[in-house]
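Colleague: I'm new to this one. Can you walk me through how the helices pack?

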Amino acid sequence: MASALFFHQLAALLKAGIPMQQSLGMAGKGCSQGLQRSLRETSFKLAAGADLASSLDQQFFDAWTIHLLRSAEYSGSLVETCERLATNLEAQRQRRRLYRSVNT
């Protein structure tokens, strides 16, 4: 699954007015090689006219995230949704870390 850092960076780049294709590449720089490859493919699909949600690889993005991004894309709230996804992913990571520390 994509990281919180990816969504934070994507939101910041989009907010700054960077085009989606370029933003995907820049935000994915610190991610795994597999996700970077997936984001390049997504960028090619976007260039061919596909929408963002349809272009994303479900290996890295779960169905819930893709549906949220689809809704955000159509409603014009993509930046806000990316920020919320990042916050949610950070909270999930912290909960897992806390759970592991309690169970060890």
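Colleague: Which residues of H1 meet H2?

Modeller: Phe6, Gln9, Leu10, Leu13 and Leu14 in H1 meet Met20, Ser23, Leu24, Met26 and Ala27 in H2, where contact means heavy atoms within 4.5 Å. This is a predicted model, where local features need pLDDT of at least 70, side-chain atom pairs count only at pLDDT 80 or more, and totals for chains, interfaces and linings use all residues. Residues are numbered from 1 along each chain as its sequence is written, and side-chain values use heavy atoms, leaving out hydrogens and water.

Colleague: And at what angle do H1 and H2 pack?

Modeller: About 145 degrees, for H1 (residues 4-15) and H2 (residues 20-27), with the axes 9 Å apart. Axes are lines fitted to C-alpha atoms, over the stretch in contact for helices, and angles run from 0 to 180 degrees between N-to-C directions.

Colleague: What's buried in H2?

Modeller: Met20, Ser23, Leu24 and Ala27; buried means under 20% relative accessible area with a 1.4 Å probe, protein chains only. They're on the same side of H2, because they cover an arc of only 100 degrees around the axis.

Colleague: Which helices do those buried residues pack against?

Modeller: H1, H3 (33-47), H4 (52-55) and H6 (78-102).

Colleague: Switching topic: how far apart are the axes of H5 and H6?

Modeller: They're 8 Å apart, and H5 (residues 63-75) packs with H6 at about 155 degrees. The two are therefore roughly antiparallel, a label for angles over 145 degrees.

Colleague: Which residues make that contact?

Modeller: Thr65, Leu68, Leu69, Ala72 and Glu73 of H5, with Leu78, Thr81, Cys82 and Leu85 of H6.

Methods: Helices (H or I, at least four residues) and strands (E, at least two) are DSSP runs, numbered from the N terminus. Buried means under 20% relative accessible area, exposed over 50%, partly exposed in between (1.4 Å probe, protein chains only). The arc is that of the directions from the helix axis to the C-beta atoms. Angles under 35 degrees count as roughly parallel, over 145 as roughly antiparallel, 65 to 115 as roughly perpendicular and the rest as oblique.
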